[in-house]
Every structure is written in structure tokens, then in C-alpha cells.
Amino acid sequence: MEYPSISYHFNSAEANTQRMPPTQSFNPLARVIETEPSLAVWLRRHQLETALTRIVRAHLPRLVAGQVRVTDVRGRQLELTVPSGALATTVRQQIPELLTALASHSREFNAILVRVQPLAAFMIASAPPPRRPPPATAPLQTLTRSLPDCPLKDAVSRLMKRK
């Protein structure tokens, strides 16, 4: 296979007239966020919410803890968000213990609000559907080959195609 030739003619006079802007010193994004006043406020809020989320999760049952997050701190009131009403009920039952645990970490709160945000459940990465391992498919393939043409053979064939 032959490829067409590509040629580029470089014009040195053109290169001299087009100057690149002076390079700016590299500034990491974290440094930009820390030094920009409006972004620094958001960074501090995020850090506070992350720290409080860790404390709260450490004092909740394991199955519940991973789905709870701190979403707001208003004065002495803490707001938690969960993806379902059942989890909200479980967390509400733990509020007295959470207030005590937060106080032991020098975080004094008068109240904890638990809000349900169902859309948060969709943001949690779902596990892919389970697949049959190859050794499990071998008997089905043998069965398909041994059956005469019948509805059962068609059904097993369709099952094999779905994997």
C-alpha cells in the first residue's frame, strides 16, 4: 500500500514574526485554590465536611457508614445526607451517640439533621451484573449439543447467548 507524500515548507521569515508568549511559572492547582480567596473558602468547607464525615462514619454501623456524608454545617447544626429513608431512620436513632462522639473530637453541635437525597443512590457505582464463569458454561454447551431440535434446546441456546 502506498501512502501519499506530505510535504511542509517552512518559511523562516514567518517563524520570526510569530513569537510565543513568555512562559508562565507552573503553579499547581492546589496552590491556586489556596491562594484565591473565593476558592479558599470552598476548600476549607470541603476539608471541614470531609473531616466531619470521617468522624460520623467511624461511629456508625459499617453498612450504613459508607452511605452517609456531611453536606452542611450551619453554626452548631450538622446536616447529613443519606440515599434512602431506611438509612435516615437508622442514622436518626444514632444521633445522641453521634453528638457525643463529635463532642469528644472537640466538635460541639446542638442538632443533627438527616436529609434523604435519593439521587445520591444513583451516583454510587453499581457492581456489574454477575457473569457465569467459563467452567459453568461447559455443561450447558454439552447439553445443547446433545439435545435434539426442541424448545428446550432453543431455550438453553438463548441462555448461553445472554451470559
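Author: Strands (E, at least two residues) and helices (H or I, at least four) are DSSP runs, numbered from the N terminus. Before we go on, this is a predicted model, where local features need pLDDT of at least 70, side-chain atom pairs count only at pLDDT 80 or more, and totals for chains, interfaces and linings use all residues. Residues are numbered from 1 along each chain as its sequence is written, and side-chain values use heavy atoms, with hydrogens and water left out.

Reader: In what sense do E1 and E2 pair, and over how many bridges?

Author: Two strands count as paired if DSSP finds at least two bridges between them. Here E1 and E2 run antiparallel, over five bridges. Val73 has Leu78 of E2 as its bridge partner. In the hairpin joining E1 and E2, two residues sit between the strands, and Gly75 adopts a positive phi near 65 degrees.

Reader: What is the strand order in the sheet?

Author: The order is E1-E2-E3, in an open sheet of three strands with mixed pairing. Strand E1 (69–74) and E3 are the edges, each pairing on one side only. On average, neighbouring strands are turned by 25 degrees against each other, direction ignored.

Reader: Which strands does H3 touch?

Author: H3 packs on the sheet against E1 and E2, and its direction makes about 120 degrees with that of E1. For such angles, axes are lines fitted to C-alpha atoms, for helices over the stretch in contact, and values run from 0 to 180 degrees between N-to-C directions. H5 also packs on the sheet, touching E2 and E3, at about 170 degrees to the direction of E3.

Reader: Is Glu49 buried or exposed?

Author: Buried means under 20% relative accessible area, exposed over 50%, partly exposed in between (1.4 Å probe, protein chains only). Glu49, found in helix H3, has 14%, so it is buried. Contact means heavy atoms within 4.5 Å; leaving aside neighbours within four places in sequence, Glu49 contacts Val70, Thr71 and Asp72.

Reader: And which residues touch the most other members of the largest nonpolar core?

Author: A nonpolar core is a set of buried Ala, Val, Leu, Ile, Met, Phe, Trp, Tyr and Cys residues joined through side-chain atoms within 4.5 Å. Of the 20 residues in the largest one, Val56, Val68, Leu78, Leu80, Val91, Leu102 and Ile112 touch the most other members.
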